[in-house]
Amino acid sequence: MADHGPIVVLLDSSPASTGALVAAARLARRQNRDLVALFVEDRDLSRSAGYAFAREISALSGNALPFDTQTLTDRLRNQRERITALLEHEAGRGALRWRLQVASGGIYQTTTQAATETGADLIVLGKAGWSAGRGARLGSTARQLLLDTGRSLMLWEDRRRPGKDQEAVYALITDPTDASTIVRASAALALANDHPLRLLVSRAIGPARLRSLLAELEPLAVAVSTQPLIEQSLQGVAHALRGQAASDLVIGRHTAESLGCDSSDLITLPTAPVLVVS
Amino acid sequence: MTTPPAPLDADTLYQRCDPSRLPFETTAELQPPAFPPGQTRALEALEFGTEIEDGSFNLFALGAFGTGKYAVVRDFLEQRAQRDEPPWSWGYVYNFDEPDKPRLLRLPPQEGRKLEKGLENLVEEFRTAIPAVFESDEYHNRVQELREAFKRRQREAVEAISKKAKEKDVALVNTPNGFTLGPVRDGEILDPEEFHKLPEEQQETWQAAINALEKELKQSLQQIPKWQKEAREKLLALNEEMLRVAVGQQLQALEDDWEHLPDVTAFLGGIRDDIISHVNDLDDEGSTVPEEILNQYQLNLLVDNADLEGAPVVYEDLPTHARLIGRIEHYFREGALLTDFRLIRAGALHRANGGYLILHARQVLMQPFAWDTLKRAIYGKQVRIESLEQFYTVFTPISLDPDPVPLDIKIVLIGDRLLYYLLSEYDPDFSKLFKVQADFEDTLDRNPEHELDYARTLAALAQSNNLRPLDRSAVARTIEHASRMAGDNEKLAAGTRPLADLLAEANHIAGKSHSDTVGSTHIEAAIAHQEKRAERLRERAVEAILRNTLNIPTSGERIGAINGLAVSQLGNFSFGLPTRITATARPGRDQVVDIEREAKLGGNIHTKAMMILSRYLGSHYAPDGELSLSASVAFEQLYGTIEGDSASVAELCALISAIARIPIRQSLAVTGSINQLGEVQAIGGVNEKIEGFFRICRDRGLDGTHGVLIPEANLPHLMLNHEVRSAVAAGRFKVYPIAKADDALERLTGQPAGEADANGRFPAGSVNWAVADRLLHFQTVTRHDASHGEDENG
């Protein structure tokens, strides 16, 4: 993020996707970055709709609904229009360089390809797309993209209703190797969101290292506070975040590993956006 | 000839109280009396009324204004109440079954406050314990487990289909609304065009597989709402379990504390069920219980008798409907008037329940609906809070119907006698509900024992009003004044209010003269000041007499004219003044005209007195014949109404003077009523009347001829002021007692009245002879006129 490459935001018609677009647009505007809105027409879906016997089974009722190419085409057109309107609306709120890129193919492949082509170092998408409505906290695309270690990833999820406390960006620092990267990325996010930054620091980060990390932040004029992570585990993080007003959680690629848990469990822990820094 | 009555000695005009007989130096040495002196009858009635348990034996304390009824009743009840146990405390709690009918709790007197505090603590603990449980790691873990279990179930169901599909080369693809299925080759959905190129058998196999999977998917997805419901129920059960943990311990502790009161434990059980039922109403963020729910778990301690050492004695000075039976207050929220059980407020009946309530009858009757409300409460033996709006308006705000409070009370109404008798006459309920009358004496006998009790009463007044102690001379003077207030030298006025005012003023005067005690001079000065402040009208009347604007001669002799005496009452101040009575007489037919009555200025009693007087004239002077008299009597220069019979002796004397043409001494004034036999009867205000005439004579100059004739029956009432007594002692003013009309005639005319002999003839030269002679002349004239008239007519 520090080198200010473009941001790719992956869109569909899900509510999380809309939130991801707004967040990505704000970040792009604040950090003067290009925004590439990527709308992927899923090839599997298009082909499925081409079968005469194809039906859509409602996840809600289990009923079979008609499903054909025309239905899908109409839906995709509507989605594109909605996304365009949303982008124009975001652009109207301030200087924003954006473009809508519509591609067809497998979602993961198309996304990584677009990121590579545009030189993006941050991909933004909902934690779960349509599958969020069926109980999934982390969708299949997000899981796949987590494996791509070359770029930072912001997994959007609508925050819980804010409480009385002022919201803060929480940075989880458990491993000295990526501590600096996480701190800088979280500071940039905090500045972009006008939030203070709270460093959740495990014992693995010694006092000297912590001092040097704080020294790195000094020129950025961001309000920083620290909080010890008593127990270096997923439960410890859950305990530390409970009742806190976290606007975002920033973690590294190795954070889950250092906590001895699965990345998806850590990402789905807070009901808030998670930025996975590479 | 009888001897006219001799004037009274100065000593008989006043009953002194000898200070040396009082066994104390100042009232500081005296204890207040155990009971108010002279009120035995009223106290016995109070004792009876308060002892009898029947709720309809309420009391009415009746007596003249200012007799100190309230103080006596209050003191008596407070002493009586100390013998009683403190009554129950009462409170209202939320009714979980019928929220608009708050439930009544009866609690031992000391325990209302304890329960109130216990419930406050309980609510306070709920505020912290409930969020603490819901913020615990255990709770969050279990919620997480439940959610994960549901999601896993959902996911696994879809994944199982997905896996089966994969085995049959079919892919389960996410769509915005759910899923769709399609044939797969090389990890991708097969292009439909390529699919159609496949052998038909293969297509059918694939399609059959898709149809079967679709069917299975449908079945699985249709399970999801049921799983969701199960998950919700499990979450609810978990929340209930957590709530039970959070509230259970505190509630159990309270229930153990209150197991001796089933109503309280039932309420606590209600709280337990209620809070569990509100598990879905907990605030999401902090898992706190909304305040409006917690408010339902409190106690509205309506009546707290924890501090009482006996039964309550309550006086309500403004007995409105609401202040008697309590009220339900409201508050505004979003434009609506709302209420709840915490806004129920106690009335005087609640506070006095189990004890005594004192009310001034007049106040109760003056407040709209208060009298009916009071009677309804006594009849029903319960206090039911009902607002007047509910009865008398079409639209009423949301209100409550709280359980009525059982009533066990003695009510003491205080009022004057007129009110008591009016209520007895016109309100049939009154005599059923107020069966005990405590009748207060206006006066008490004056004897050494009562004088000492009186001194104790003065001591109590001085003490309670923070006044200087009275020395014995002040006590003696006050006792004398009390006799004067009673209008009787053998009685003492029973009222304490005028005394309290007098002592306060005397104390003020004593303070100005830097005296440590109140002495007789201070009392004397206070009496004089009180009189001075009130006597403006008297002064104007005296001035009018002295300037002859009002014609009241006090010297010489006149035929058919006499000075009578009248009393005027202005507030608490009464004074006497002479009035001019004149009479005329001429032949006629048995007729004495009362000019006051003809002018409609005479009252019934005065008219009756005139009739008696007329009968006396007839029977005395014409016992066997017709009274050939046409006479008239008038009160001169009197422009208001006249009432009473105390001028009938004067009227008789004026008439006799007019008939017999015998002059009357104007230096004398007369008061007294007369009966048909010519006997003089007692009248009221004798002291004021004597002093009133004395004042006029004094200002014009006393020469030894001035005096007043009073009924002999009034001698015990004489308590004349010092100035009159001094003049009498010096022989410059005289007070004559008279027993019969002839006594007055002799003193007023200076002639013997004359007693009739066996033939009914009066001795020649006597007043009565002159009257009889003139009446005979009238008869002759009347007969002549009658026969002359008959002749002319014939």
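In chain B, three strands are arranged as an open sheet in the order β3-β2-β7, with antiparallel pairing. The description rests on a predicted model. The edges of this sheet are formed by β3 (103–107) and β7 (300–303) of chain B, each of which pairs on one side only. On average, neighbouring strands of the sheet are turned by 30° against each other, direction ignored. In general, the strands of a sheet pair through backbone hydrogen bonds, in either a parallel or an antiparallel manner.

Within this arrangement, strand β2 of chain B, which spans residues 89–93, is joined to β3(B) by five bridges in the antiparallel sense. One position in this pairing is given by B:Gly91, whose bridge partner in β3(B) is B:Leu105.

Contact between the two chains involves 28 residues from chain A and 31 residues from chain B. On the side of chain A that touches chain B, two or more residues are contributed by each of the elements α2 (43–49), β3 (55–58) and β4 (64–66) of chain A. By residue class, this side of chain A comprises eleven nonpolar, ten polar and seven charged residues.

Strand pairing also extends across the two chains: β3(A) and strand β5 of chain B, residues 178–185, run antiparallel and are joined by two bridges. In this pairing, A:Ser58 stands opposite B:Gly178 of β5(B).

Conventions: Residues are numbered from 1 along each chain as its sequence is written. Chains are lettered from A and ligands numbered from 1 in the order in which they are written. This is a predicted model: local features need pLDDT of at least 70, side-chain atom pairs count only at pLDDT 80 or more; totals for chains, interfaces and linings use all residues. Two strands pair if DSSP finds at least two bridges between them. Helices (H or I, at least four residues) and strands (E, at least two) are DSSP runs, numbered from the N terminus. Axes are lines fitted to C-alpha atoms, for helices over the stretch in contact, and angles run from 0 to 180 degrees between N-to-C directions. Two residues are in contact if their C-beta atoms, placed from the backbone, lie within 7 Å. Ala, Val, Leu, Ile, Met, Phe, Trp, Tyr, Cys and Pro count as nonpolar, Asp, Glu, Lys and Arg as charged, and the others, Gly among them, as polar.
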